[in-house]
Amino acid sequence: MKIIILGAGQVGGTLAEHLAHEDNDITVVDVDSVRLRDLSTRLDLRTVQGVCSYPMTLKEAGAEDADMLIAVTNSDEVNMMACQVAHTLFSTPTKIARVRATQYLTSKGLFSQDAIPIDVLISPEQVVTNHIRRLIEYPGALQVLDFANGLAQLVAVKAYYGGPLVGQELAFLRRHMPNVDTRVAAIYRRNRPIMPRGNTVIEADDEVFFIAARKDIRTVMGELRRVDRGFRRVMIGGGGNIGERLAETLEQDYQVKILEQNLERCTQLSENLKRTVVLHGSATSKRLLLEENIEECDIFCALTNDDEVNVMSSMLAKRLGAKKVLTLINNPAYVDLVQGGEIDIAISPQQATIGGLLTHVRRGDIVNVHSLRRGAAEAIEAIAHGDSRSSRVVGRTIGEVKLPEGVSIGAIVRGRDVMIAHRDITIQTDDHVILFVVDKRRLKEVERLFQVGLSFF
């Protein structure tokens, strides 16, 4: 595909890195020549320096014959205007834009072909908020991903000493839980992927990805690690967009406190939030944390825009007694460095957002793409179409489908039924097939599996 990415920041740069390795024709546009030079030296792509919404800049980037325009600059207005220009002057088929301001997102009728012609809206703050909410709902999980409108979930947990399955072969899982159907999609051991087999033995500290129906997730988690008691008290460091949205989604079910250093912002938060306690002060203040009984806090979420403040406040909160800490890290290179010590979960907003963008880039009927382990792997939800003559998967059992190496089918969702993958299940048209891709070089082969031949038409 010929894709133009507007904005060479963290999201644009990470997206370019993903797509450039997959034989796409990528052009990145930005006003910052240093960022562009850094990308062009590392990746096989074109760069254009200029204001992203200017017609001449878009023309130079190749908008006249581009398949897709992805506007992810730091300015909502530039992103929206760029999509308008691409639509009006160049008839670009697909336009994706990052829009963060709630005022725009909540205005009905603003985004349509007759108004501002954006085909797909991406709101990073909402994506990250949903991501954190799922982690709070499932204490002990490192990542929780929804498929088929939440009917099936893929969960990553770290196996701990004392878990019932540690030291056991995976085949033991079925015998141990005969009434729960689940499948281990992949295991990461010392940062290397292991394709699970029946005789694979789970070791302590393994990062285990398993898939199951939503109703069975907690049961399976209990087999892999000590079950953490449910969270009740949540403290949020930073009252920005993400902090406010998270408090808003949690305050009906949890006891929530927000620490915000800006007094004017505190006033806004106290007016907007109904049950959340808003406190004026720094999340790195030891005195304030102790006064607010940090030792009774179930999870401390550091969500400011400053990585250093997030890391330091998280470490301080953990040492003062917070049961678990979750830290927002804007620089993706730091995520692996900080997670796993005093910081329990580190979240990269870029990686959380990338999945939503990749969904629209993948060919075939791909309805969900989730980036796993900071982009090392992907979980894909694809819809099977056609019949046994026009499709490579429909009418075949899972055992008969010729999957590329490093790819496994985890589950099939048919209607409202979640069927964990077994070799003898036959794939039918309109089935949602959930795949786990450890070797991302095989993504094109996976996409081709779900593309329908001409006989279907």
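**View 1. Position of H131 in helix α6.** H131 lies in helix α6, which spans residues 124-137; helices (H or I, at least four residues) and strands (E, at least two) are DSSP runs numbered from the N terminus. The model is predicted: local features need pLDDT of at least 70, side-chain atom pairs count only at pLDDT 80 or more, and totals for chains, interfaces and linings use all residues. Residues are numbered from 1 along each chain as its sequence is written, and side-chain values use heavy atoms, with hydrogens and water left out. H131 has a relative accessible area of 12% and is therefore buried; buried means under 20% relative accessible area, exposed over 50%, and partly exposed in between (1.4 Å probe, protein chains only). When residues up to four places away in sequence are not counted, H131 touches Q143 and I347, a contact being heavy atoms within 4.5 Å.

View 2. Helix α14 covers residues 349-359, and because nine of its eleven residues are buried, the helix is largely enclosed by the rest of the structure. The buried residues include P349, Q350 and Q351. Also buried in α14 are T353, I354, G355, L357, L358 and T359.

**View 3. Cover of helix α9.** Helix α9, formed by residues 241-250, is mostly covered, with seven of its ten residues buried. Among them are the charged residues E244 and R245. The buried residues of α9 also include I242, G243, L246, A247 and L250.

**View 4. Domain division.** Four domains are assigned: domain 1 (2-122), domain 2 (128-224), domain 3 (233-351) and domain 4 (356-450). The bounds come from an automatic or database domain assignment. Taken over C-alpha atoms, the centres of domain 1 and domain 2 are separated by 37 Å.

**View 5. The protein as a whole.** The protein contains 15 helices and 22 strands. Its radius of gyration is 23 Å, close to the 23 Å that the globule rule gives for 457 residues, so the protein is as compact as a globular protein of that length. The radius is taken over C-alpha atoms, and the rule is 2.2 Å times the number of residues to the power 0.38. Along the principal axes, the C-alpha atoms fill a box of roughly 70 × 60 × 40 Å. Of the 457 residues, 55% count as buried. Among contacts with a separation of 6 or more, 61% join residues 24 or more positions apart.
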